[in-house]
Amino acid sequence: MRVLTALLAAQRPQCRHGGARLALSFGESRALDGQLSKLCAAGADHMSGFFDQRTDSFAITPGAPRLSVTTSAFALLALDADPWAWTDGPAPVTVLSALLAAEWRANDPFQAALVVVSERMLDPAAAALASSPASQAKFALAVETILAARPRRRAGRNQRESAYMCYWTARASTLLLNPDAAVNVEECRPGAEAPCQPSLHPSIPAAALPAAKAAGGGEGGGEGEGCAAVARKR
């Protein structure tokens with residue numbers, strides 16, 4: 001009997017907390033799953049308790065002196081997943097504007113990806129970004145950081161970043177791309193029937209894009225080297 005008990009204990013899900021191993025029984029796992037289901041069903045109601053009206057942001061501990069970038073970004077993405085459930089708080093674009101103006105690190109791939117994904121998901125027309133000139137230079141640096149950290153197909157499974165970071169940088173990169181950009185370099189050759197479309201989304205202000213990308217047609221249409229450069233790298 002002791003051997004059977006030991007085998008069952010060894011097969012339980014294990015996690016670490018403060019260096020100690022914690023075993024979850026089947027009942028405990030089911031209870032955790034039930035709590036997650038309740039959070040999914042009433043997520044917006046629960047999230048309202050974490051909204052800090054002073055900073056127009058979300059925080060685990062409201063009243064903190066600085067805006068919580070990670071918490072606010074994940075909260076915005078949760079609201080975007082179920083926008084009709086959020087009725088008691090301010091418009092998500094208000095939180096997005098506060099996030100763009102906060103002290104986030106544009107050279108940090110994780111924070112850069114979270115801010116860019118939030119901006120592109122919550123504000124596809126980039127109105128909040130266009131109305132905040134002070135945030136555009138930092139956003140441009142974030143775009144540069146993301147493009148430099150994006151997963152490389154030629155690296156296969158041996159990516160420099162973790163799978164989690166590859167997911168966020170790939171998601172951010174996808175949202176930054178212009179869906180109308182040519183994927184064939186031949187379409188960007190001189191004398192082509194149609195002008196070359198910018199590789200990054202034209203709704204993003206030119207001042208919020210890296211200089212080279214903006215010069216390649218980052219704002220509006222027009223000819224440039226943006227999509228040709230992307231096509232050559234694929």
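Mentor: In this predicted model, the crossing of H4 and H6 is left-handed, and the axes of these two helices come within 10 Å of each other and cross at roughly 30 degrees.

Trainee: Why are H4 and H6 called roughly parallel?

Mentor: The cut-off for roughly parallel is an angle under 35 degrees, and H4 and H6 cross at roughly 30 degrees; the two helices are therefore roughly parallel to each other.

Trainee: Which residues of H4 and H6 meet?

Mentor: From H4 the residues are Val69, Thr70, Ala73, Phe74, Leu76, Leu77 and Asp80, and they meet Phe110, Gln111, Leu114, Val115, Val117, Ser118, Met121 and Leu122 in H6.

Trainee: Why are H6 and H8 called roughly perpendicular?

Mentor: Their axes come within 9 Å and cross at roughly 115 degrees, and the range for roughly perpendicular runs from 65 to 115 degrees; H6 and H8 therefore count as roughly perpendicular to each other. The crossing of H6 and H8 is left-handed.

Trainee: Which residues bring H6 and H8 into contact?

Mentor: Pro109, Ala112, Ala113, Val116 and Glu119 are the H6 residues, and their partners in H8 are Phe139, Ala142, Thr145, Ile146 and Ala149.

Trainee: How do you know whether leucine 114 is buried or exposed?

Mentor: Leucine 114 lies in helix H6 and has 0% relative accessibility; buried means under 20% relative accessible area, and leucine 114 therefore counts as buried. Not counting residues up to four places away in sequence, leucine 114 touches Thr70, Ala73, Phe74 and Trp168, while its C-alpha atom is separated by 10.0 Å from that of threonine 71, which is 43 residues apart from leucine 114 along the chain.

Trainee: What makes serine 118 a buried residue?

Mentor: Serine 118, which is also found in helix H6, has a relative accessible area of 0%, and because that value falls under the 20% cut-off, serine 118 is called buried. Leaving aside neighbours within four places in sequence, serine 118 is in contact with Ala73, Leu76, Leu77, Leu96, Leu99 and Asp123.

Trainee: Which residues of the largest nonpolar core touch the most other members?

Mentor: This core has 41 residues, and Phe58 and Phe139 are the ones that touch the most other members. The elements giving two or more residues to it are H4, H5, H6, H7, H8 and H9, and H6 gives the most, with seven residues. For phenylalanine 139, the contacts beyond four places in sequence are Leu100, Trp104, Val116, Glu119, Leu129, Ile204 and Ala208.

Trainee: Which residues of H5 are buried, and what do the buried residues of H5 pack against?

Mentor: Val95, Leu96, Ala98, Leu99 and Leu100 are buried in H5, and the buried residues of this helix pack against strands E3 and E4 as well as helices H4, H6, H7 and H8.

Trainee: What makes the phi of alanine 126 worth a remark?

Mentor: Most residues other than glycine have a negative phi. Alanine 126, in contrast, has a positive phi of about 60 degrees although it is not a glycine, and its place is in the loop between H6 and H7. With a relative accessible area of 0%, alanine 126 is buried.

Trainee: Why is aspartate 56 called partly exposed?

Mentor: Its relative accessible area is 28%, and since a residue must be under 20% to be buried and over 50% to be exposed, aspartate 56 falls in between and is partly exposed. Aspartate 56 is found in the loop between E3 and E4, and its phi, near 55 degrees, is a positive value in a residue other than glycine.

Trainee: How do you know whether proline 179 is buried or exposed?

Mentor: Proline 179, in the loop between H9 and helix H10, has 66% relative accessibility; exposed means over 50%, and proline 179 therefore counts as exposed. Proline 179 and leucine 200 are 21 residues apart in sequence, and their C-alpha atoms are 8.5 Å apart in space.

Trainee: What are the totals for the protein in helices and strands, and in buried residues?

Mentor: The secondary structure comes to eleven helices and four strands, and buried residues make up 35% of the 234 residues. The accessible surface comes to about 14000 Å², of which 57% belongs to carbon and sulfur atoms.

Technical notes
Residues numbered from 1 in each chain as written. Predicted model: local features only at pLDDT ≥ 70, side-chain atom pairs only at ≥ 80, totals over all residues. Heavy atoms only, no water. Buried < 20%, exposed > 50% of the residue type's maximum accessible area, 1.4 Å probe, protein only. Areas by Shrake-Rupley, 256 points an atom, 1.4 Å probe, with all protein chains shown as cover. Core = buried A, V, L, I, M, F, W, Y, C linked by side-chain atoms within 4.5 Å. Contact = heavy atoms within 4.5 Å. Axes fitted to C-alpha atoms, helices over the stretch in contact; angles between N-to-C directions. Parallel < 35°, antiparallel > 145°, perpendicular 65-115°, else oblique. Left-handed = near helix turned anticlockwise from the far one by under 90°.
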